[in-house]
Amino acid sequence: MKKHNFSAGPCILPQEVLKKASEAVVNFNGLNLSLIEISHRSKDFIEVMETARSLVKELLELPAGYSVLFLQGGASLEFLMSAYNLMKVDGKAAYLDTGAWSSKAIKEAQALGEVTIMGSSKDKGFNYIPKNYTVPTDVDFVHVTSNNTIYGTQLKEFPKTDALLVCDMSSDIFSKKIDFTQFDLIYAGAQKNMGPAGTTLVIVKDEILGKTGRKIPAMLDYKVHIDKDSMFNTPPVFPVYVSMLTLQWVKKLGGLEAIEKLNEAKAAILYDEIDRNPLFKGYAAVEDRSLMNVTFNLTDDSKQAAFDKLWNDAGISGLKGHRSVGGYRASIYNAMPIESIQVLVDAMIKLEEQA
Ligand SMILES: *Cc1c(COP(=O)(O)O)cnc(C)c1O
């Protein structure tokens, strides 16, 4: 039996996607060749890349003027690359510091210019999203992290700014419908909600590029990748293919509106139990709770062994909290079935009944 996979990343993908992907590794498109042994310049792979790129635009309802790229280096390289492409020489940027990933993004940008931290929740272990902060006006761009994978917090509103708005959406892209045109640059490592590790989705508004006065190395230059249709060098063919399959699955389910409803229903079941069951408490501030990563702790640590046995016996995997936070983290990305969440809730109820 397949385990109930609550891993934070790499994470659960739809079973039908895994099945199709495994078939393509052996025989792709009836070519009697593997997907991973054909030229990326072949007609069959170009079609994969173009389908994936256009599905991103379709699902996010992006107008003309945005380019979609499937790059490598993870979201971690985008911390640097985004700043490289948008920070002017002697420029400035403002960052919202909502956790370890934001902090890493800040560090990379600091190598290129002056960074203002416009708000931070570090004082409380990043368990909330800062509010009422002032967005500086004299900056080249403003950077936020939409979902804080480690702490289970999520931005419900994005800063209003005349500067460029950049967002790391690694762990909640394609999870709900928002106005994606408020962003000038979005990036997301595939392995949280879209595909396997090995590709990073980048969505960039064309008109913002080429304005820094900075010489950008070719591999770090979004414009170079755009001009080559995301094939400047050999793209990560397998992760792009699996991402395409996942996006087709999202479309088949009814797109972002439909997936958002499912995600809200799934998260509600789990948060309701955390709030109801006296043996558990949530980690993230209630108003900032994430639909994707549900973080919680036991109210009585002496019950840890008993709870760990209950969920292990129930076939649950990947529930341990991040090492910096402890406790538990249930990552309930798009592909997580509602049945698996019920299995976890049942284990929580059983723990209460044992007491
Ligand atoms: C996982 C994660 C990253 C890092 O992604 P890599 O692809 O491992 O570089 C960055 N930001 C967020 C929000 C993440 O969840």
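Q: How much relative accessible area does valine 25 have, and does that make it buried, partly exposed or exposed?
A: This is a predicted model, in which local features need pLDDT of at least 70, side-chain atom pairs count only at pLDDT 80 or more, and totals for chains, interfaces and linings use all residues. Residues are numbered from 1 along each chain as its sequence is written, and side-chain values use heavy atoms, with hydrogens and water left out. The scale here is buried under 20% relative accessible area, exposed over 50% and partly exposed in between, using a 1.4 Å probe and protein chains only. Valine 25 therefore counts as partly exposed, at 30%.

Q: Which helix holds valine 25?
A: Helices here are DSSP runs of H or I with at least four residues, strands are E runs of at least two, and both are numbered from the N terminus. Valine 25 falls in the stretch of residues 15-26, which is helix α1.

Q: How many disulfides does a search of the whole structure find?
A: A disulfide is a covalent bond between the sulfur atoms of two cysteines. The cut-off used is a pair of cysteine sulfur atoms within 2.5 Å. Searching the whole structure on that basis gives a count of zero.

Q: How far is cysteine 11 from the nearest cysteine sulfur?
A: Cysteine 11 is in no disulfide, and the nearest cysteine sulfur belongs to cysteine 167. Looking from the other end, cysteine 167 is also in no disulfide, with the sulfur of cysteine 11 as its nearest. The distance is 18 Å.

Q: What relative accessible area does cysteine 167 have?
A: Cysteine 11 counts as buried because its relative accessibility is 10%. Cysteine 167 is buried too, with a relative accessible area of 0%.

Q: Which helix gives the largest share of the shell around the ligand?
A: The ligand is surrounded by 13 residues, the closest being Ser76, Thr149, Asp168, Gln191 and Lys192; a residue counts as near if one of its heavy atoms lies within 4 Å. Four residues of that shell come from the stretch 74-86, which is helix α3.

Q: What percentage of the ligand's accessible area does the protein cover?
A: Accessible areas come from the Shrake-Rupley method with a 1.4 Å probe, and for residues only the protein chains shown count as cover. On its own the ligand has 390 Å² of accessible area, and the protein's share of cover is 88%.

Q: How many salt bridges are there?
A: Side chains of opposite charge can pair when their charged atoms come close. The rule asks for a side-chain nitrogen of Lys or Arg within 4 Å of a carboxyl oxygen of Asp or Glu. By that rule the count is 20.

Q: How many residues apart in sequence are the parts tied together by lysine 92 and aspartate 138?
A: These two form a salt bridge with the closest N and O atoms 2.9 Å apart. Lysine 92 is in strand β3 (residues 92-97), while aspartate 138 is in the loop between β4 (114-120) and β5 (141-145). So the pair ties together parts whose separation in residues is 46.

Q: What is the distance between the closest N and O atoms of arginine 276 and glutamate 352?
A: Arginine 276 sits in helix α7 and glutamate 352 in helix α9 (residues 338-354), so their pairing ties together parts 76 residues apart in sequence. Arginine 276 is partly exposed at 43%, and glutamate 352 is partly exposed at 27%. Their salt bridge has its closest N and O atoms separated by 2.8 Å.

Q: Which side chain makes a 3.1 Å polar contact with arginine 53?
A: Arginine 53 is in helix α2 (residues 43-60) and is buried, with 10% relative accessible area. Its partner across the 3.1 Å contact is glutamate 50.

Conventions
Polar contact = N/O pair within 3.5 Å; in protein donor to acceptor, adjacent residues only side chain to side chain.
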